[in-house]
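The stops below are given in the order in which they may be selected.

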Amino acid sequence: AGSGSQGAVNGPGAVASFNGPTGVAVDDGGNVYVADTVNHLIRIIKIVPPAITVTPSAEDTLDFDAVKVGQSSQAQTVTITNNGDGVLTVSDVALSGSDLAQFSVALSQGSVSQTGQFTVPSSGGSQAVNVTYQPTEGGNHSAILTIASDDPNTPLITYNLTGEGQQEVITFAGSGTSGDDN
C-alpha cells in the first residue's frame, strides 16, 4: 500500500503515504500497525472484512408456483452484494434436499471456477445467481439453496425453494355411449 510519495496521508491503498516506515506488527484482530519513523507516528491499517447481503432476503421462500412437468420456470434471481471493504469469496452455492434435482442454479454473469468458488468485488460489488425449477414429475417439490462465503459474520445463507410440478391432462372427447352411430 502507498502512493509512492513521502507523507503522512491516511486512506485506502494507493492514497496512503508514509515517511520512513520501519516496522510492522499485526494484532489478533488482523489490524496492521506500521512504525512511520520520520513522521513520528504509529499508523494503523484496519482490515475491514467482506460483508455479504442478499436480495431477496434469506427469510423469503423462493416459490416457483405451478410449472408443467418437463418445462422450466422463469428464473428467480438472488443478488449477492458485498458491502465490505475486502473482496468477498463465495466458496459454494449448493442445492440440497430430497428434491434438489428439480431445481438448478447458474450465475447470470461471470463463471464459477472449477472449485465452485467465485469472488464479489468490495464496496457494493454484486453477483446475480439465477435459480430455476424444472419438474420431472408431478407433485410438490422443495429444496434448500445454501450460499457459503468468507463473511465472518454471515458465513452461510439459506433459502427454501418450493414448486409444484403439474402433469399435463389429456381429455378425450366423445358421446359416452358405445356403438356405431351410422
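**The nonpolar core**

Begin by selecting V54, I80, I147, Y159 and L161, which touch the most other members of the 22-residue largest nonpolar core. Such a core is a set of buried Ala, Val, Leu, Ile, Met, Phe, Trp, Tyr and Cys residues joined through side-chain atoms within 4.5 Å; buried means under 20% relative accessible area with a 1.4 Å probe, protein chains only. The model is predicted, so local features need pLDDT of at least 70 and side-chain atom pairs count only at pLDDT 80 or more, whereas totals for chains, interfaces and linings use all residues. Residues are numbered from 1 along each chain as its sequence is written, and side-chain values use heavy atoms, with hydrogens and water left out.

Next, centre on L161. Beyond its neighbours within four places in sequence, L161 is in contact (heavy atoms within 4.5 Å) with residues including L62, L95, F103 and V131.

**The aromatic cluster**

Select F64, F103 and Y133, which form one aromatic cluster. Rings of Phe, Tyr and Trp (its six-membered ring) pair if their centres lie within 6.5 Å; planes under 30 degrees apart count as stacked, over 60 as edge-to-face and the rest as tilted. Three aromatic pairs are counted by this rule. F64 and F103 make a tilted pair, 5.9 Å centre to centre with 55° between the planes. Both F64 and F103 are buried.

**A charge over a ring**

Finally, move to R43, which lies over the face of F18 at 4.7 Å from the ring centre. The rule requires NZ of Lys or CZ of Arg within 6 Å of the ring centre and within 35 degrees of the ring normal.

Note on methods
Buried means under 20% relative accessible area, exposed over 50%, partly exposed in between (1.4 Å probe, protein chains only).
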